[in-house]
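Please walk me through how this chain is packed. I would like to start with its helices and then move on to its cores and loops.

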Amino acid sequence: MLKSLFFSFACCSCTLFAFSLSAEDFTLVKDGKSVSAIVVKKNVPPPVKYGAEELSLYLGKIAKAAPQIGDKEVKGLYNIHVGTLADHSLVKKAGIDPTSLKEDGFAITARKDGLYIIGQNPRGAMYGCYEIVKKYGGIRFLVPGDDGEYFTEKNIIKVPEQKSIHNPYLRERKTVAAEVTAYKWLARNNMRSQAYTGRFVDVYTNKRTRLADTLDSLAVTGAVYGGHILTQLMGGGLWSEMQKNVNALYKVHPEYFPLINGKRVLMKGSLAPNPCISNPALLDLMADSLCKFAGRKYGAEHPVIIGNNDTMIWCECAKCAALDDPAAKGTKRARSDRYWYMVNEIAKRVWAKCPDAQLGGWAYQDFWYPPTKVKPDPRLQIFISYNNQCWRHTIYDPQCHVNKELRKIMAAWKKTGHPYLVNREEIGGYDGYGTPGVYYLPSEKILFENFKTYKSLGFHGSSMCINSPYPAHLKFLEKSASYYGKNLFWYAMWQICYLSSLSMWNPDYDFEKEYDTINRLYYGKAWDNGFREFRKMLTKYFIETPSCMGWGGKPAPLGRCLDQAGSEEKLKSLLEKAIAAAKQDKDPRVLKNVLRDKEIFELTWLAYRKIYAQNFKELNVYKQTAPIKIDGILDEPDWKNANALSNFQPGGRTPKGTKIQQTYARIVYSLDTLYIAVECMEPTPEKIFAGKNVRKDEKGFADLGNDIELFYSYPDMGEKYYHLAINPNGEIIDAVHGPYSRDESFNTKAKFATKVLKDRWILEIAIPCNEIGMKCYDGASWKINIARQRKLKPDPGKNQLFAEFSSACNNGAFHGAFNFVNMIFTESRFAKGSNTAPWKNATFDHVVPDSKLRKALRYSRYGKWKFEDQEKMVPSEWHISSNAVGTCKREKGNYYIQLEKGYITQYYIADGKGKLKIRFRARGKGAFYLWTCNYRNYTKEEKGNGYKILTGTNKLQPFKLTNEWQTFEAEAVKTGIPTERIGVRFLMQENSILDVDDVFVALEQGSDGK
């Protein structure tokens, strides 16, 4: 969800002109004494005066001598003049060409007669003052607050002779600020900042606030709230009075409200459906509400985003529908013309009364692309809010499906020639919980590369969403979630904040040099003693983890970053090494910084690794794209792309809670082969006990010793499965298992290789499908388990027994298909690691809080569904009927559905045709129906809503239930018609209770799965 926003615009270039080869240096302070004076004329704007004060302050801090400030030159001292282009005499004296400076730019002239700092505007003059202390004093403002200032004391500070011009690369350079220390940090790093108009002038009393003077001095701009504001504008503009006024308006003018299903509905809050914007009187009303505040001082000094309510539901009346482009229906520009018509019309009305108001709109939801019938007014800022942007890949990465869409959006907007395009870098967030995609992401190099492309993309600004430290008056947040409570927002992403501020001003700096410099300052002795390597490995694991990672998300994307063998242990070890070094550093900030990073790492990467590992029981397996050589060396691209099964838990006789050596498994498939690679971490490979010439029957396990065991099956096998056990010497025992049975006549033709390394041993295997009895069809769901027996030799000369430990990827269990992981053959990896399989969550084990579902799909909306826990967990991908009565139950870690009334449904969506095999387990009382039906999309000519049933495909199959779990089978026919989907529904008969689990749906062998 996008929150209320305030934005302004920035876009310029950055140039620097060096002076002559025989340049002279001019001293400002020396040996603890000031030899200069700062000259600022009376009645200059607050940022100019503040810049002069900061220049004096930091010269004093760095060189123990603060120059005096006055409005006249001081004889005998080197005079530093600070002003703007508005002071024509000063500009002339400095020899500056006014046309060379762009918005927020500044010029520096250093000659024998004095130093001149001339800003294009007051903000630019302030930036120029900071340039002196940063470039010649050597100070860096790494994070907000006094602790974020890093410099070395100097005996002398000099400025070389020069006439230099400094213009910003981007005009819009922002991140979120809510505290004075953050506003100061933004100013000191050439960023722009903004605040709600109420922080300057109380909107109720119209009195100036105590904070106003400080904000003015820092060149902070004010504006009314923007964003999801349509209901707010209908209610007069103030949130506190909004709903009361909207309720009254509905009684008088229901025609202003959205027509939904033939009825005008009352709007409540910013999530309500969007109003009837085709009504001119409504546009007048909303413009008047906006003008009431935008027309005041601080009302619209930066663009107010006239955003839609946070929904894709719009008025359905004929006039509103006529605003849309029919050709765009169902695309990401479906509402573009309607939305930009509304923004244009409101802006036109506001400007008629408040010509200086800055306004804007955003590209969002189903209007990301430019409109075709409407041209947005060139005075508007256009804010690209593509909150799916991936932070693991650059914008131009050809492998990134997410950013491919962003590139298309950006290119489309560039083609319009609009002069004010800004990208919203939604790498931060507003929730404060540190959810994946928002905090502690080592994406600073990704952003550096992105910013360098902005000019070619036609973009003029960036607005990042990394929260600043919260203000002191919000102390109640200490009892909130961890990121709020510990106020860790900025510190989790400080490298991104600082380095991005450099990129927004001038992206041509030496990234690697600056990266090393700032981290060396921040982490002191810890940087060369563990933390540099920690950060390097953190970045490696983040970048190399397959799939995309963007806004919001769930634990899996971040938790998966520690899938690489030994990654968690390596990072923990490096942190401890860094902490030990930090304790030896004289700067007390170093230990504080390293310990804070450790805490953030635990709250993000480790916390979500735990959630991911405990709940990830469904594995997307991706199709082979290149040859895989079975040699025990996992260097092929498909192994790097594959998801990993890890978090092996103790099994067998190994006591629960035993710290085991971790194991990491990856799987790849082709139509005819199942590939598996397993890495077994082993700190003492010389102690591995593994037999040779092992018997091939069950008695051989005693001699097999250290081994990897593979268990796999496809749905038609029921409770049967294949079992292979292989040790580091390449000895193998194979069989087919069933309930209470073991067929040792099976002999696998699989090709495999093992390799023992210094810290692990590896098994790589290719299993042919012709011996399994089923090919690996795209979209099919199979079961797999991977386990490990770790048997070590006793130490020489000691009377010891063999040390034996066992573990498995699914809570330590070995045998029993009930315990296996569900793996889905997925043709390719898509955006954000999404599951593109045609049938999802077959086991019901992927559960989410009901509140995380889209509102229209929540189980709680009808009030009849029973929840067994406080989080109200429900299975993803499955939908219930309005009269459904049931429960999502959990038994020994396994989820299933118990249904008493109504039905549950999912749709099988894939290309191809043939027989569709449906297999599931069920138990209970009474009877139920399995109903299947084929649908397709309506064509443009048919103009229907929803999906059209294919004639003759309705099929209702009855089943009777017993108290014991039984496996049932059914079939449907897939015709192969484009856009076809098959509904699979469990429908209750009266006075019956159904428990259902493991619902597998796939095209039968021999069917056309293409």
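At roughly what angle do the axes of helix α8 and helix α10 cross? This is a predicted model, and every value here is computed from it. Two packed helices are described by the angle between their axes and the distance between the axes. Helix α8 covers residues 280-294 and helix α10 covers residues 336-353. Their axes cross at roughly 55 degrees and come within 9 Å. That angle makes α8 oblique to α10. The crossing of the two helices is right-handed.

Look at the residues that meet there. From α8 come P280, L283, D284, M286, A287, D288, L290 and C291. From α10 come Y341, M342, E345, I346, R349, V350 and K353. By class, this contact has ten nonpolar residues, five charged ones and no polar ones. An α-helix has 3.6 residues a turn, so residues three or four places apart point the same way.

Now take the pair α1 and α3. Helix α1 is residues 46-63, and helix α3 is residues 122-135. Their axes come within 8 Å and cross at roughly 10 degrees. Angles under 35 degrees count as roughly parallel, so α1 and α3 are roughly parallel to each other. On the α1 side, the contact is made by P47, V48, Y50, G51, A52, E54, L55, Y58, L59 and I62. On the α3 side, P122, R123, A125, M126, C129, Y130, I132 and V133 take part. These residues divide into 15 nonpolar, one polar and two charged.

Next, the cores. In soluble globular proteins, nonpolar side chains tend to be buried together. Here, the largest nonpolar core has 183 residues. Within that core, V82, L115, L290, F531 and W605 touch the most other members. L290 also belongs to the contact of α8 with α10. Leaving aside neighbours within four places in sequence, L290 is in contact with V224, L233, V304, I306, I346, V350 and L359. A second, separate core has 44 residues, including L619, I667, C680 and I708.

Helix α4 spans residues 180-188. Its buried residues include A182, Y183, W185, L186, A187 and R188. Just after α4 comes N190, with a positive phi of about 60 degrees.

D104 is in the loop between α2 (88-94) and β6 (106-111). Its relative accessibility is 0%, so D104 counts as buried. Q365 is not a glycine either, and its phi is positive at about 50 degrees. The loop that holds Q365 runs between β19 (359-363) and β20 (381-384). With 14% relative accessibility, Q365 counts as buried.

Finish with T905, in strand β42 (residues 903-909). Is T905 buried or exposed? T905 is buried, because its relative accessible area is 3% and the cut-off for buried is under 20%. Leaving aside neighbours within four places in sequence, T905 is in contact with E877, W878, H879, V984 and R985. T905 and K135 are 770 residues apart in sequence. In space, C-alpha to C-alpha, T905 and K135 are 65 Å apart.

Technical notes:
Residues numbered from 1 in each chain as written. Predicted model: local features only at pLDDT ≥ 70, side-chain atom pairs only at ≥ 80, totals over all residues. Heavy atoms only, no water. Axes fitted to C-alpha atoms, helices over the stretch in contact; angles between N-to-C directions. Helix = DSSP H or I, 4+ residues; strand = E, 2+ residues; numbered from the N terminus. Parallel < 35°, antiparallel > 145°, perpendicular 65-115°, else oblique. Left-handed = near helix turned anticlockwise from the far one by under 90°. Contact = heavy atoms within 4.5 Å. Nonpolar A, V, L, I, M, F, W, Y, C, P; charged D, E, K, R; others polar. Buried < 20%, exposed > 50% of the residue type's maximum accessible area, 1.4 Å probe, protein only. Core = buried A, V, L, I, M, F, W, Y, C linked by side-chain atoms within 4.5 Å.
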